[in-house]
Amino acid sequence: MSEKILSVFIDESGDFGPYEAHAPYYLVSMILHNQSTDISENIKLFDSHLLNLGYQNHAIHTGPLIRRESVYSNDLVEDRKRLFNALFNFARKLDFQFSCIKVKKSECPDVITMTSKVSKALADVFRSNEGFWNSFDKVIIYYDNGQIELTKILTSVFSTLYTHVEFRKVKPVDYKLFQIADLICTMELLSEKAETNSFTRSEMEFFDNIRDFKKNYLKHIKKKLL
């Protein structure tokens, strides 16, 4: 019988710095994909779609895309929506599950507290879904090592709980599932803002209104929650 392997693509939103009102959460998303499920055709179609949109070999970053920042600063809202929908529909049709932890930075007066809360939240995800994680012979963690604090936490928590774990550094452009991890962070942040009716002007322009965001996007993504 072939080895059952789980791929875990991890991305974060926020940092370990002091609390700021415009960024009240630190999030870590995990995309969970059973390697025995072939997604090569999905990736092929997605690449073809990106090429047609004029974004060949491009790693989509959904936060800047929505806010019209970075490489998207000169793109019209219609073009940015097409790109977002390309990634969203790719994710919606894909066979994966996800988990996302949220830590309130207002509850973290220092890096030590922050580290403790993130570590505990990750460990809770594993313990509450122990049967799922233990059903795999091997777990491979894909992360871009973007934040040294999170890299240390991931290494510590995963290595403590599992002996069958491997870590790989990735480039976002090379892994579509890593881009979905970025999408999940953005969706979870928007979900929090939707509950407090605090969408920015750029977010309202992008999604039209909070009701449409929940109905057309959030509802479909939540179906994949572990």
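Author: Let's start with Glu166 and Lys138, which form a salt bridge with their closest N and O atoms 2.8 Å apart; the term stands for a side-chain nitrogen of Lys or Arg within 4 Å of a carboxyl oxygen of Asp or Glu. This pair links distant parts of the chain, with Glu166 in strand 5 (residues 165–169) and Lys138 in strand 4 (residues 138–143), 28 residues apart. Strands (E, at least two residues) and helices (H or I, at least four) are DSSP runs, numbered from the N terminus. Glu166 is partly exposed, at a relative accessible area of 23%, and Lys138 also counts as partly exposed, at 23%. Here buried means under 20% relative accessible area, exposed over 50%, and partly exposed in between, with a 1.4 Å probe and protein chains only.

A word on the background: this is a predicted model, in which local features need pLDDT of at least 70 and side-chain atom pairs count only at pLDDT 80 or more, while totals for chains, interfaces and linings use all residues. Residues are numbered from 1 along each chain as its sequence is written, and side-chain values use heavy atoms, leaving out hydrogens and water.

Next come Lys214 and Glu195, joined by a salt bridge whose closest N and O atoms are 3.2 Å apart. Again distant parts of the chain are linked: Lys214 belongs to helix 9 (residues 210–222) and Glu195 to helix 7, 19 residues apart. Lys214 is partly exposed, with a relative accessible area of 33%, whereas Glu195 is exposed, at 57%. Salt bridges that share partners also join Lys102, Glu188, Glu192 and Lys222 into one network.

Asp15 forms a salt bridge with Lys105, and their closest N and O atoms are 3.0 Å apart. Asp15 lies in the loop between strand 1 and strand 2 (25–34), and Lys105 in the loop between strand 3 (97–104) and helix 4 (111–128), so that this pair links parts of the chain 90 residues apart. Asp15 is partly exposed, with a relative accessible area of 37%, but Lys105 is buried, at 4%.

To put these pairs in context, the structure holds 15 salt bridges.
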